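Please walk through this structure with the text below as a guide. The sequence and the model come first, and the explanation follows.

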Amino acid sequence: MKKIAPSILSGNLLNLADEIKLIEEAEADLIHIDIMDGIFVPNITAGWDIVEAIKSLTDIPLDVHLMIDRPERYIEQFVKSGADILTVHFEGSVHLHRTVEKIRELEASPGVAINPGTPIDFLSEILNYIDLVLIMSVNPGFSGQDFIYSSLFKIEKMRKIIRRRELETLIEVDGGIKALNIADIANSGADIFVSGSGIFKTDNYLETINEMRERI
Ligand code: DX5
Ligand code: ZN
């Protein structure tokens, strides 16, 4: 089952509750929350309080993407605040295996993300321990950037590895996804599609999400 994950902090921050209602009406599968620390990426968003606030408003599972340096320091706070999926960056955690195990112990679903410049082969050893691989299709830090097309090869390659190893690991893709390019990304083998401006910069989220589903 392919899933659509609107990146909520690309919505209207003054009306987050209304934005959540609208994507609930569109039956979004997950809510993607981008956490940025101003060190791992050149932008700052919010901490776990935002996760807790969103959790109190919705039953849609929360897909929390930590773009922070040494995420292991804050795993517990994010899980306790309501993260269902917690994704850390390969580039941000030296003891990645320990970090992932900690997420699992706390009963959230562990994911590992890689930047556009990181080869997917680097995930080879961690793959058996995680539920989700997040392939970044823009350099993390900002919404509204163009999709990097060479990401499609990384998705295809990852799909083959997962199939060969007979794993259930999901492939999530994040950055520059719009109704117009979502079919290419689906055909490459992605399972979860994160979209920020591709949804929240359109007039009708329901129509946009429906169109995305059709194209997938
Ligand atoms: C990028 C974030 C993305 C971003 C996606 O650093 O991780 O989740 O919000 O936004 P769009 O879809 O506009 O590229
Ligand atoms: Zn993200």
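How far does a polar side-chain atom of serine 197 lie from an oxygen atom of ligand 1? The distance is 2.5 Å, which falls under the term polar contact, a pair of N or O atoms within 3.5 Å; within protein, one must be able to donate a hydrogen and the other to accept it, and residues adjacent in sequence count only if both atoms are side-chain atoms. The protein covers 99% of the 380 Å² of accessible area that ligand 1 has on its own, with areas taken from the Shrake-Rupley method with a 1.4 Å probe, where for residues only the protein chains shown count as cover.

Before going on, note that this is a predicted model, in which local features need pLDDT of at least 70 and side-chain atom pairs count only at pLDDT 80 or more, while totals for chains, interfaces and linings use all residues. Residues are numbered from 1 along each chain as its sequence is written, chains are lettered from A and ligands numbered from 1 in the order in which they are written, and side-chain values use heavy atoms, with hydrogens and water left out.

The side chain of serine 7 has an N or O atom 3.0 Å from an oxygen atom of ligand 1. In glycine 144 it is a backbone N or O atom that lies 2.8 Å from an oxygen atom of ligand 1.

The shell around ligand 1 consists of 20 residues, each with a heavy atom within 4 Å of the ligand. The closest are Asp34, Gly141, Asp174, Gly196 and Ser197. Strands β2 (31-36), β3 (62-67) and β8 are the elements that give two or more residues to this shell, and β2 gives the most, with three. Strands are DSSP runs of E with at least two residues, and helices are runs of H or I with at least four, numbered from the N terminus.

Strand β8 spans residues 192-195 and includes serine 195. Is serine 195 buried or exposed? Serine 195 counts as buried because its relative accessible area is 2%, where buried means under 20%, exposed over 50% and partly exposed in between (1.4 Å probe, protein chains only). Beyond its neighbours within four places in sequence, serine 195 is in contact with Ala5, Pro6, Ser7, Ile177, Phe200 and Met212; contact means heavy atoms within 4.5 Å.

Isoleucine 177 belongs to the loop between β7 and α6 (182-188). It is also buried, at 2% relative accessibility. Its backbone oxygen lies 2.8 Å from a polar atom of the serine 195 side chain. The two C-alpha atoms are separated by 5.4 Å, although the residues are 18 apart along the chain. Leaving out residues up to four places away in sequence, isoleucine 177 touches several others, including Phe147, Ile182, Phe193 and Gly198.

Arginine 70, in the loop between β3 and α3 (75-80), has a positive phi of about 45 degrees although it is not a glycine. Arginine 70 is partly exposed, at 41% relative accessible area. Glutamate 166 lies in the loop between α5 (151-164) and β7 (170-174), and has a positive phi of about 55 degrees, again without being a glycine. Glutamate 166 counts as exposed because its relative accessibility is 70%.
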